[in-house]
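Welcome, and thanks for taking a look at this one.

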Amino acid sequence: MLIAYLLWSFLFAKSCIEMNFIFFQNCISPHQIPFIEELSVFTDVDRVVVIAPRVDYDDRKLMGWKTSKLLETKGIEFLITPTMKVVQRLYEECKGIETFCFFSGINAFPEIVPWMKLSFNYSFKRGVITEPPLLYNHPLWLHKLRFALKDWRYVKYFDYLLVMGDEFVPYYRFWSKKWKVLPFVYCTEWKERIYPIPTSEKLKVLYVGSLSDRKNVVEMFQVLCQKTDLELGIVGDGEKRAQIEEMSMQANTEVVLYGMQPMERISDIMQQYDVLILPSKHDGWGAVVNEALILGLYVITSNHCGASYLLKDKQQGMIFTLEEAQSLSNVADVCIAKKDWIRETVNERITWSKNYISGKAVANYIVQNL
């Protein structure tokens, strides 16, 4: 009994140790704030701070992002473009308290590097939050060379690396046995479904994103526009817009081109569809997948999307292989055949999302793995 009591006392004491979390981002990330907000709710978390050199980039503002609203999030202290003295004062205030500093990359954003180097003077735990190497423009060997030349010297200062998805976990473990490498996910603001499930005779498939070569939207259109049992919606704008508009004139499929839409309208449009598709040649993640899953949509992604990590169970969606010519067509045919089942299981995907990709679920994952 005494041993059991002492063990319980030790575990209880450990669970009551105060913690600070400091996140360093290149801009305020809508795809991290939901779990960062939830961290502030933990009883043993004292402070949660987000530091960034800017609120958002101009191109994102033009796309309808309203990131500045996130600065009103309760429980989080925001420091935008702070001086080195302000950051040092924060570090001093955190001395003596278990403090975790998470950086967006190691050398990925020059504005963050001075704050990172300053943290080396303190006995904090440090981690990296990163997307996998961008292989669309550069082969993996070039990324390895860059990492060896620019990042390797700093690896010894880090205890954790959180990488989107699980494909590149072995890649980052190769660089160091010291840091703990974990698969990670982005998460998005939780939204309740308010529209009824579609009842149309045809399967309704939606694409949301830029109309670009990297997103593979033309190739996707060429496949899906041949399906007579399918309706296709496309939200977005970009370099391939004129080509898509021309192709839509001769499509066998009913096509709705929404153009660029405000961010707040996306969830309303999504709920009019059964399936979201993300066919990218490369996507470090693809947060639109999260947005679709929490509303109960079924999801199709290419095998080159980080968010395909969420589709290990076909209950949530299916992955097609870019390297196989018929793969997307075959997956689309399966979804058309499963239309009724897809509609019947909407609520199951919403429940799954709450348990695995909500802000609360991701915050729990972080704390448990620290």
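For the nonpolar patch described below, residues qualify when they have over 30% relative accessible area and no salt bridge, and nonpolar side chains are joined within 5 Å. Please bear in mind that this is a predicted model. The notes cover a surface patch, a sheet with helices packed on it, and several salt bridges.

**Surface patch**

- Trp141, Leu142, Leu145 and Leu149 together make a nonpolar surface patch of about 420 Å².
- One of these residues, Leu145, is found in helix H6, which spans residues 140–151.
- Leu145 has a relative accessibility of 42%, so it counts as partly exposed; that value is also over the 30% cut-off for joining a patch.

**The sheet**

- Seen across the sheet, the 7 strands follow the order S3-S2-S1-S4-S5-S6-S7; the sheet is open and the pairing is parallel.
- Strand S3 (77–80) and strand S7 (180–184) form the edges, each pairing on one side only.
- From one strand to the next, the twist averages 20 degrees.
- In general, strands of a sheet pair through backbone hydrogen bonds, either parallel or antiparallel.
- For a closer look at one pair, strand S1 (residues 19–24) runs parallel to strand S2 (residues 45–52), and the two are joined over 6 bridges.
- Within this pairing, Phe23 has Val50 in S2 as its bridge partner.

**Helices on the sheet**

- Helix H4 (residues 84–94) packs on the sheet and touches S1, S2, S3 and strand S4 (98–104).
- The direction of helix H4 makes about 160 degrees with that of S1.
- Helix H15 (residues 359–369) lies across S1, strand S6 (160–164) and S7, and its direction is at about 170 degrees to S7.

**Salt bridges across the chain**

- The whole structure holds 17 salt bridges.
- One of them joins Asp166 and Lys312, with the closest N and O atoms 3.6 Å apart.
- This pair links distant parts of the chain, 146 residues apart: Asp166 sits in the loop between S6 and helix H7 (169–175), and Lys312 in the loop between strand S12 (298–302) and strand S13 (317–320).
- Asp166 is partly exposed because its relative accessible area is 31%, whereas Lys312, with 57%, is exposed.

**Lys281 and its two partners**

- Lys281 forms a salt bridge with Asp213, the closest N and O atoms being 2.9 Å apart.
- How exposed are Asp213, Lys281 and Glu219? Asp213 is partly exposed at 24% relative accessibility, Lys281 is partly exposed at 26%, and Glu219 is partly exposed at 33%.

- Arg47, Glu77 and Glu93 belong to one network, joined by salt bridges that share partners.

Definitions and conventions: Residues numbered from 1 in each chain as written. Predicted model: local features only at pLDDT ≥ 70, side-chain atom pairs only at ≥ 80, totals over all residues. Heavy atoms only, no water. Patch = residues over 30% accessible without salt bridge, like charges linked within 9 Å, V, L, I, M, F, W, Y side chains within 5 Å. Areas by Shrake-Rupley, 256 points an atom, 1.4 Å probe, with all protein chains shown as cover. Salt bridge = Lys/Arg side-chain N within 4 Å of Asp/Glu carboxyl O. Helix = DSSP H or I, 4+ residues; strand = E, 2+ residues; numbered from the N terminus. Buried < 20%, exposed > 50% of the residue type's maximum accessible area, 1.4 Å probe, protein only. Pairing = 2+ DSSP bridges. Axes fitted to C-alpha atoms, helices over the stretch in contact; angles between N-to-C directions. Contact = heavy atoms within 4.5 Å.
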